[in-house]
Amino acid sequence: ASIWHVKQKEFMCLLTGHQSPVNDIIQLPNSSLATASNDCTIKLWNYPSGTLKTTLECEEPVICLCALPNNLLLGGLEDGSLSIWNWEEETMVRTLDTQAPGVKQILKLQTGFLLTCHKGGPIK
């Protein structure tokens with residue numbers, strides 16, 4: 001993953017550290033960045049320096065991410081489960097089984113509900 005300065009059309013830095021392709025990148029409320037990868041990790045980065053803060057280890061490749069209130073970070077995993085992390089404390093809170101294979105995307109609605117899209121399945 002890379003950080004670019006769009007207005008100046010300038011490359012700023014490369015986020016290096018994942019051992020497999022990066023599938024998703026989001027900005028957290030504290031302006032840090034989070035990346036999801038096939039290497040079964042979520043990495044948290046300082047922004048805009050691009051230095052690695054920490055690595056969160058998952059059981060499966062991480063396909064997508066979604067920031068939630070109260071310092072929570074949701075990771076959609078290849079096996080269809082959702083891992084919930086407290087990114088500030090760097091701890092896993094719990095895992096949810098979506099009963100569907102491969103989470104592809106997560107959307108947090110203003111009502112507090114979550115929508116997840118899965119490989120070959122309906123929106124849950």
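I began with burial: 40% of the 124 residues of the protein chain count as buried. Buried means under 20% relative accessible area, exposed over 50%, and partly exposed in between (1.4 Å probe, protein chains only).

I noted the ground rules next. This is a predicted model, where local features need pLDDT of at least 70, side-chain atom pairs count only at pLDDT 80 or more, and totals for chains, interfaces and linings use all residues. Residues are numbered from 1 along each chain as its sequence is written, and side-chain values use heavy atoms, with hydrogens and water left out.

**Overall form**

I looked up the radius of gyration, taken over C-alpha atoms. The protein chain has 14 Å, which agrees with a value near 14 Å for a compact globule of 124 residues. The globule rule is 2.2 Å times the number of residues to the power 0.38. The C-alpha trace spans about 45 × 30 × 30 Å along its principal axes.

**Strands**

I found zero helices and twelve strands in the protein chain. Both are DSSP runs numbered from the N terminus: helices are H or I with at least four residues, strands E with at least two.

Two strands pair if DSSP finds at least two bridges between them.

I checked the pair S4 (residues 33–37) and S5 (residues 41–45): they run antiparallel over four bridges. Thr 35 stands opposite Lys 43 in S5.

**Aromatic pair**

I searched for ring pairs. Rings of Phe, Tyr and Trp (its six-membered ring) pair if their centres lie within 6.5 Å; planes under 30 degrees apart count as stacked, over 60 as edge-to-face and the rest as tilted. The count comes to one aromatic pair. Trp 4 and Phe 11 form this edge-to-face pair, 5.1 Å centre to centre with 75° between the planes. Trp 4 is exposed, at 53% relative accessible area. Phe 11 is partly exposed, at 42%.

**Thr 116**

I ended in strand S12 (residues 114–118), which holds Thr 116. Thr 116 counts as buried because its relative accessibility is 6%. Its side chain makes a polar contact with the side chain of His 118 (2.9 Å). Such a contact is a pair of N or O atoms within 3.5 Å; within protein, one must be able to donate a hydrogen and the other to accept it, and residues adjacent in sequence count only if both atoms are side-chain atoms.
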